[in-house]
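Me: I have a structure open here and would like to go through it with you. Could we begin with how its helices pack?
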Amino acid sequence: MSTPAPKQLRRMRPIPSFIFASRWLQLPLYIGLIAAQGVYVFHFWVELVHLLEAVFGSQTALQALVSSIGYKSDVAITSLNETIIMLVVLALIDVVMISNLLIMVIIGGYETFVSRMDLEGHRDQPEWLSHVNASVLKVKLGTAIIGISSIHLLKTFINAANYDEKVLIAQTAIHITFLLSAIAIAYTDRLMAHPPSDSH
């Protein structure tokens, strides 16, 4: 039994070929995001080292932590307390979630808009990458942004005494806006994927 001949690729005309090749202009953007990912990794380890040093009594590390999280107190801060630890841990979680968002944009965006990565069968292939497209990527990014916004809002409420009431209201409104936007995007994509059938 003869095997079918492989399908011949049609040669593109020069102008469409040039326009299609312009997608590679996005490559430096994704490389830049990888560099930004490296900055976040460095920032994470700096904060983690400060936290560990503060546990063992380093006043310099403690003051660096207090300054980075914007924590203020009426009394002098000479040791870690539960609020400072919680704010620092939330800041570390925030860095991890933003890093996850970067990975989603880098891998998903490159796969969707630049070139296939041929990861089929690779044991470390992300589960979501097998069915990623522009719509799925938008919904996943929206969900990730809501998670990041939630962490920021929680950090603000824990440290609410050091924020103006207008800031608290504004951050809450922004979070609700993100939430409603993500719901609207998901609903719109669902309608486009499964349009309502005509009753007539």
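Reply: H2 and H3 are oblique to each other, a word for angles that are not under 35 degrees (roughly parallel), over 145 (roughly antiparallel) or 65 to 115 (roughly perpendicular). Helices here are DSSP runs of H or I with at least four residues, numbered from the N terminus. The model is predicted: local features need pLDDT of at least 70, side-chain atom pairs count only at pLDDT 80 or more, and totals for chains, interfaces and linings use all residues. Residues are numbered from 1 along each chain as its sequence is written, and side-chain values use heavy atoms, with hydrogens and water left out.

Me: At what angle do H2 and H3 pack, and how far apart are their axes?
Reply: Helix H2 (residues 27-55) and helix H3 (residues 59-69) pack at about 130 degrees, with axes 8 Å apart. Axes are lines fitted to C-alpha atoms, for helices over the stretch in contact, and angles run from 0 to 180 degrees between N-to-C directions.

Me: Which residues make that contact?
Reply: On H2 they are Glu47, His50, Leu51, Glu53 and Ala54, and on H3 they are Ala61, Leu62, Ala64, Leu65 and Ser68. Contact means heavy atoms within 4.5 Å. The residues of this contact of H2 with H3 comprise six nonpolar, two polar and two charged. Ala, Val, Leu, Ile, Met, Phe, Trp, Tyr, Cys and Pro count as nonpolar, Asp, Glu, Lys and Arg as charged, and the others, Gly among them, as polar.

Me: And how do H3 and H4 cross?
Reply: The axes of H3 and helix H4 (residues 82-113) come within 10 Å and cross at roughly 65 degrees. H3 and H4 are therefore roughly perpendicular to each other. Their contact is made by Leu62, Leu65, Val66 and Ile69 of H3 with Ile84, Leu87 and Val88 of H4. By class, this contact of H3 with H4 has seven nonpolar, no polar and no charged residues.

Me: New topic: is serine 149 buried or exposed?
Reply: Serine 149 is buried, because its relative accessible area is 12%, and buried means under 20%, exposed over 50% and partly exposed in between (1.4 Å probe, protein chains only). Serine 149 lies in helix H5.

Me: What does serine 149 touch?
Reply: Leaving aside neighbours within four places in sequence, serine 149 is in contact with His175 and Phe178.

How values were computed. Helix = DSSP H or I, 4+ residues; strand = E, 2+ residues; numbered from the N terminus.
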